[in-house]
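This report describes the structure shown below, starting from a single residue and widening to the whole chain.

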Amino acid sequence: MGLLRQVKDKLNAGEEVLSNKARFTQSKVSSVDSVGMMALTVYGDTLSQPTRAVVLLCLANKIPYELKVADFTKKEHKLPEFKELNPRSEVPVIDDGGFILAESTTILRYIASSRHLSDHWYPTEVKSRARVDYLLDWYHSNIHQTAEYVFQKELVTNLWKEPIPPEEIIKAAEQRMIASMDLVEGCFLKPEKGPFLLGASEPSIADIIFACEYTQTRFLVHPEQEKLMHERPKTMKWLDTVEKRLAPYFGEAHKTLPDLIMAAEFHRASLRITES
Ligand SMILES: N[C@@H](CCC(=O)N[C@@H](CS)C(=O)NCC(=O)O)C(=O)O
């Protein structure tokens with residue numbers, strides 16, 4: 001049975017399209033890690049790109065964590081109890097023994113430093129670290145923010161039944177997203193030096209967060225979506241290398257993405273019905 005048909009059947013039967021998660025579900029990994037630190041609590045939803053990045057860093061480094069799912073599709077991140085953790089109502093947030101921290105790139109840096117991860121994740125040498133910081137800072141305003149608008153139009157507003165942002169804002173975001181992807185392809189990837197961002201020989205936390213964002217572009221309803229990746233061969237090769245280097249954890253962190261595909265399929269179908 002096709003994916004779309006499955007979605008329609010679920011809807012006809014009164015089931016939720018995305019129903020695999022209970023409110024603030026806990027999936028416990030283990031409570032104490034090898035250096036005696038308590039497990040991190042990660043609040044988020046792996047439908048969100050930056051949440052996936054935090055989960056992936058933990059998985060790839062066998063850092064014990066407990067994922068408390070703030071179900072994005074049910075807007076649990078807007079609940080008062082979530083606002084107590086992050087007044088901006090954004091995922092992810094971590095709780096490390098009572099130390100609460102939001103902002104994905106800050107969280108990634110904090111985990112790498114507090115858990116003394118291998119140097120390649122977040123180098124200690126000042127200039128190498130500055131290069132990773134540069135990528136993380138740039139990512140936020142150029143990749144994540146722009147992609148957020150595009151996804152909001154394509155998917156999130158549909159799930160949340162919220163008004164779509166004005167067309168000119170979406171268009172401007174799309175153009176910036178594409179320009180940013182061009183910069184990654186043309187300048188940030190240097191396969192002649194090394195397979196990871198800025199020609200590094202091993203992945204950094206920047207590779208993790210960029211990759212978790214790029215995986216989502218595959219599901220855009222954007223008319224140019226096929227071209228977004230296929231016209232950027234270096235980017236495709238890099239993403240493939242990151243996935244392989246971080247297997248099987250990469251797949252584990254992305255295991256809820258089929259839900260997103262399903263929702264995107266449903267959204268595509270509803271657009272077709274509205275247009276016809
Ligand atoms: N600057 C934040 C952004 C995180 C972010 O964009 N989270 C989105 C999910 S991908 C979110 O929680 N959005 C809530 C909303 O739009 O209501 C970070 O990097 O942690």
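## A buried position in a helix

Q216 is buried, with 20 other C-beta atoms within 10 Å. Here a residue counts as buried if 20 or more other C-beta atoms lie within 10 Å of its own, as exposed if 12 or fewer do, and as partly exposed in between, with C-beta atoms placed from the backbone. The model is a predicted one, in which local features need pLDDT of at least 70 and side-chain atom pairs count only at pLDDT 80 or more, while totals for chains, interfaces and linings use all residues. Residues are numbered from 1 along each chain as its sequence is written.

Q216 belongs to helix α7; helices (H or I, at least four residues) and strands (E, at least two) are DSSP runs, numbered from the N terminus. Between Q216 and L257 there are 41 residues of sequence separation and 8.1 Å of space, C-alpha to C-alpha.

Of the 13 residues of α7, 12 are buried, and the helix is mostly covered. The buried set includes I205, D207, I209, F210, E213 and Y214.

I205 touches L57, L108, R109, A112, W121, Y122 and V132, when residues up to four places away in sequence are not counted. Contact requires C-beta atoms, placed from the backbone, to lie within 7 Å. The largest nonpolar core has 58 residues, of which L56, L57, L108, I205 and I209 touch the most other members. Domain 1 (14-114) and domain 2 (126-275) both give residues to this core, so it lies between them. A nonpolar core is a set of buried Ala, Val, Leu, Ile, Met, Phe, Trp, Tyr and Cys residues joined through C-beta atoms within 7 Å, and the domain bounds come from an automatic or database domain assignment.

## Helix α2

Helix α2 (49-60) is largely enclosed by the rest of the structure, because 11 of its 12 residues are buried. Among the buried residues are Q49, P50, R52, L56, L57 and C58. The elements that cover them include β2 (40-44), β3 (65-69), β4 (93-96), α4, α7 (205-217) and α10 (249-253).

The end C-alpha atoms of α2 are 16 Å apart, in agreement with the 16 Å that its 12 residues should span at 1.5 Å a residue. The helix is followed by K62, whose phi is positive, near 50°.

## Surroundings of the ligand

The shell around the ligand consists of S48, Q49, P50, H77, S89, E90, V91, P92, E103, S104, T105 and E148; a residue is near a molecule if its C-beta atom, placed from the backbone, lies within 6 Å of it. Helices α2 and α4 (104-114) each supply at least two residues of this shell.

By class, the shell has 3 nonpolar, 6 polar and 3 charged residues. Ala, Val, Leu, Ile, Met, Phe, Trp, Tyr, Cys and Pro count as nonpolar, Asp, Glu, Lys and Arg as charged, and the others, Gly among them, as polar.

## Backbone exceptions

Most residues other than glycine have a negative phi, and most peptide bonds are trans. V91 and P92 are joined by a cis peptide bond, with omega about 5°; P92 lies in the loop between α3 (80-85) and β4. Another cis peptide bond joins A247 and P248, with omega about 0°, and P248 is in the loop between α9 (233-245) and α10.

H116 has a positive phi, near 50°, and lies in the loop between α4 and α5 (126-160). H116 is exposed, with 10 other C-beta atoms within 10 Å. For L198, phi is also positive, near 60°; L198 lies in the loop between α6 (167-188) and α7 and is partly exposed, with 18 C-beta neighbours inside 10 Å.

## Helix α6 and the overall fold

E185, in helix α6, is partly exposed, with 17 other C-beta atoms within 10 Å. Leaving aside neighbours within four places in sequence, E185 is in contact with R232, K234 and T235. E185 and M229 are 44 residues apart in sequence and 9.9 Å apart in space, C-alpha to C-alpha.

The protein has 11 helices and 5 strands, and 35% of its 276 residues are buried. Of the contacts between residues at least 6 apart in sequence, 69% join residues at least 24 apart.

How values were computed. The expected span of a helix is 1.5 Å times one less than its number of residues. Two residues are in contact if their C-beta atoms, placed from the backbone, lie within 7 Å.
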